[in-house]
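Thanks for coming. I have one structure to go through today, and I will take the overall picture before the details. Please have a look at it before I start.

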Amino acid sequence: MDFAKIAADLSSFVWGVPLIALLFGTHLFLTVRTGFIQRFLPQAIKISLSRKKEGDGDVSQFGALMTGLAATIGAGNIIGVAGAVATGGPGAVFWMWLTGVFGIATKYSEAVLAVKYRVQMPDGSYAGGPMYALERGLGQKWLGIVFAVFTCIAAFGIGNMFQANAVVETLKEWIKPTAEADAVMRWVTGGVMAAITAAVILGGVKSIARVCEVLVPVMAVGYLLGCILILIKNAPLLPSAFSDIWHGAFAGQAAVGGFVGAGIRQAIQSGIARGLFSNESGLGSAPIVAAAAQTRNPVRQALVSSTATFWDTVVVCAITGLVIVSSGHWKEGVAKGALTNAAFEDLHTIGPIFLLFGLITFVFSSILGWCYYGEKAAEYLMGPKAVKPYRVLWVIMVLVGAVQPAAAVMDFSDAANGLMALPNLICLICLSGVIAAETRTHTAELTGKD
C-alpha cells in the first residue's frame with residue numbers, strides 16, 4: 001500500500017473547491033455577523049498583554065494566547081508559505097494574507113463559543129472547544145464526537161509529524177548529508193525532539209503555557225529580525241515583488257524561468273489552504289486552549305485569541321512571503337522545501353542561522369501546543385484516563401514524523417485539517433446568533449475602557 005499516494009489523493013479530495021469556498025465564505029459571513037470585529041484589534045492587543053487573573057480558568061489570558069500562538073506559528077509559516085508560492089505563484093501570498101485578515105473574525109467567534117460553553121472538570125480544570133459547543137450549544141453531541149476524533153488524528157499531522165519532518169528536511173538542505181548519514185540524522189534529530197517534548201508536556205497545560213510565554217516572543221522576534229534584514233538587502237526588488245503578488249492574485253502567473261506557471265484558481269487554492277494551515281482559523285483548534293483562560297467573559301478572551309491570526313498570517317506569513325517572492329528563487333523552479341532556504345541563503349552566513357533558529361523554535365512550540373489540543377479531544381472521547389497514554393503516543397509520533405517522507409506527511413496533514421474543520425464550521429454558522437448576541441452584550445467593554 002502506497003501511503004504517500006493515498007495521502008495525496010485524500011488531500012486533493014478534501015481540499016477541493018467546496019471546502020475552500022465554505023471556509024472563506026465563513027470568514028466573510030462572521031466578519032459581517034460580528035460587525036467587523038477586526039476593528040477592535042488595537043484593544044484586543046492591549047488586553048492580550050495583560051497577565052493578571054480576570055476570572056476563573058487554568059492559565060492567564062496571555063498564557064492562553066502564547067500557547068495558541070505556539071501551536072499556530074509553526075513550520076507552516078516557513079515551509080507552508082514556500083509551498084504556496086511554489087505551487088500557486090506569488091499571487092498565493094495575497095490570498096494567504098486575505099485569509100488571515102478575514103480569519104480574525106472566525107478565530108474570535110470560535111473562542112466566544114469555547115468560553116461560553118466550557119465545563120469544569122472534576123479536578124477543577126476547565127475544558128472547552130468546538131466539541132463542547134456542538135454538544136451544549138447546538139445539542140449535537142455526535143458532531144462533537146466527530147470533531148474530537150478528527151482533532152485527535154489531525155493533531156498528529158499538522159502539530160506533530162509535519163513539524164518534526166520540517167526540521168529534518170531543513171537540516172538536510174543545510175548539512176547535505178550522504179544517504180547513510182541522512183538516516184542517522186533523522187533518527188537522532190527525531191529522538192532529541194521527542195525527549196525535549198516529553199520533558200515539557202508531562203506537566204500539562206500550565207507547564208506548556210509557562211514555556212510558551214517565554215519561547216513564543218523570543219522565537220517570533222528572532223525570526224522576524226532575520227526576515228527584515230533580508231528585505232533591507234532586497235529593498236530595490238520590493239516594488240517588483242509587490243507587483244508580482246498583486247498581479248498573480250488576479251491574473252495568475254505565467255511560466256518564467258524554471259517556474260511552470262499557475263492560474264488564478266491555483267493561486268487562490270494554494271493561498272487559502274496554506275493560510276488555514278498556518279493560522280488555523282476555522283479549524284477549531286485554538287479555542288480548545290482559549291477555554292482554559294482566566295477571563296471574566298467570553299468576548300474578552302475571544303479578542304485575545306483573535307490576535308493570534310493577526311500575528312501569524314497578517315504579519316509573519318506576509319513577511320515570509322515577501323522574503324520568498326523578492327528573492328526571485330521561485331522563478332528558478334526551486335522545490336518547496338528548498339525555496340525558503342534559498343531565500344535565506346542570500347543573507348550568506350547569518351541567513352541560514354536565522355532560518356534554522358526560527359524553524360526549530362517554531363516547530364517545538366507547535367508540538368507543545370498541539371499536544372494539548374489532541375489530549376483534550378482524547379479526554380472528551382474517553383475521559384481523563386486517556387490523557388497520559390495520548391502523551392506517550394505523542395512523543396513516539398514526533399520520532400515517526402522525523403523519518404517519514406516529507407510529501408506524505410504534508411498531504412496527510414492537509415487532509416486531516418480539512419476533515420477537522422467541517423464540524424467546526426457547521427458549529428460556527430449555526431451558532432452565529434449566539435456569537436453576535438455575546439458581542440453586542442459586551443460592546444461597551446470593547447470601546448477600550450479597561
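Of the 450 residues of this protein, 64% count as buried, where buried means under 20% relative accessible area, exposed means over 50%, and partly exposed is in between, with a 1.4 Å probe and protein chains only. A word on the source: this is a predicted model, so local features need pLDDT of at least 70 and side-chain atom pairs count only at pLDDT 80 or more, while totals for chains, interfaces and linings use all residues. Residues are numbered from 1 along each chain as its sequence is written, and side-chain values use heavy atoms, with hydrogens and water left out.

Now the overall build. The C-alpha trace spans about 55 × 45 × 40 Å along its principal axes. As for contacts, meaning heavy atoms within 4.5 Å, consider those between residues at least 6 apart in sequence: 85% of them join residues at least 24 apart.

Next, helix packing. Two packed helices are described by the angle between their axes and the distance between the axes. Here the axes are lines fitted to C-alpha atoms over the stretch in contact, and angles run from 0 to 180 degrees between N-to-C directions.

Which residues of α6 and α19 make the contact? From α6 they are Tyr108, Ser109, Val112, Leu113 and Lys116, and from α19 Val434, Ile435, Glu438 and Thr439. By type, that contact has five nonpolar, two polar and two charged residues. Nonpolar here covers Ala, Val, Leu, Ile, Met, Phe, Trp, Tyr, Cys and Pro; charged covers Asp, Glu, Lys and Arg; the others, Gly among them, are polar.

The second pair is α11, residues 238–251, and α14, residues 298–327, packed at an angle of about 105° with axes 9 Å apart. These helices are therefore also roughly perpendicular to each other. On the α11 side the contact uses Leu238, Ala241, Phe242, Asp244 and Ile245, and on the α14 side Leu322, Val325 and Ser326. The residues of this contact divide into six nonpolar, one polar and one charged.

On to charged pairs. Side chains of opposite charge can pair when their charged atoms come close. I call it a salt bridge when a side-chain nitrogen of Lys or Arg is within 4 Å of a carboxyl oxygen of Asp or Glu, and by this rule the count comes to five.

Glu169 and Arg186 form one, at 2.6 Å from N to O. This pair links distant parts of the chain, with Glu169 in α8, residues 141–175, and Arg186 in α9, residues 179–201, 17 residues apart.

Leaving aside neighbours within four places in sequence, Arg186 is in contact with residues including Asn165, Lys172, Ala402 and Gln404.

Another bridge joins Glu379 and Lys376, at 2.8 Å between the closest N and O atoms. They are three residues apart in α16, residues 350–382, about one helical turn, and both are buried. Through shared partners, salt bridges join Glu169, Asp182 and Arg186 into one network.

Last, a loop. Pro122 sits between β1 (119–120) and β2 (126–127) and is exposed, at 82% relative accessible area. Pro122 and Pro384 are 262 residues apart in sequence but 9.6 Å apart in space, C-alpha to C-alpha.

Methods:
Helix = DSSP H or I, 4+ residues; strand = E, 2+ residues; numbered from the N terminus. Parallel < 35°, antiparallel > 145°, perpendicular 65-115°, else oblique.
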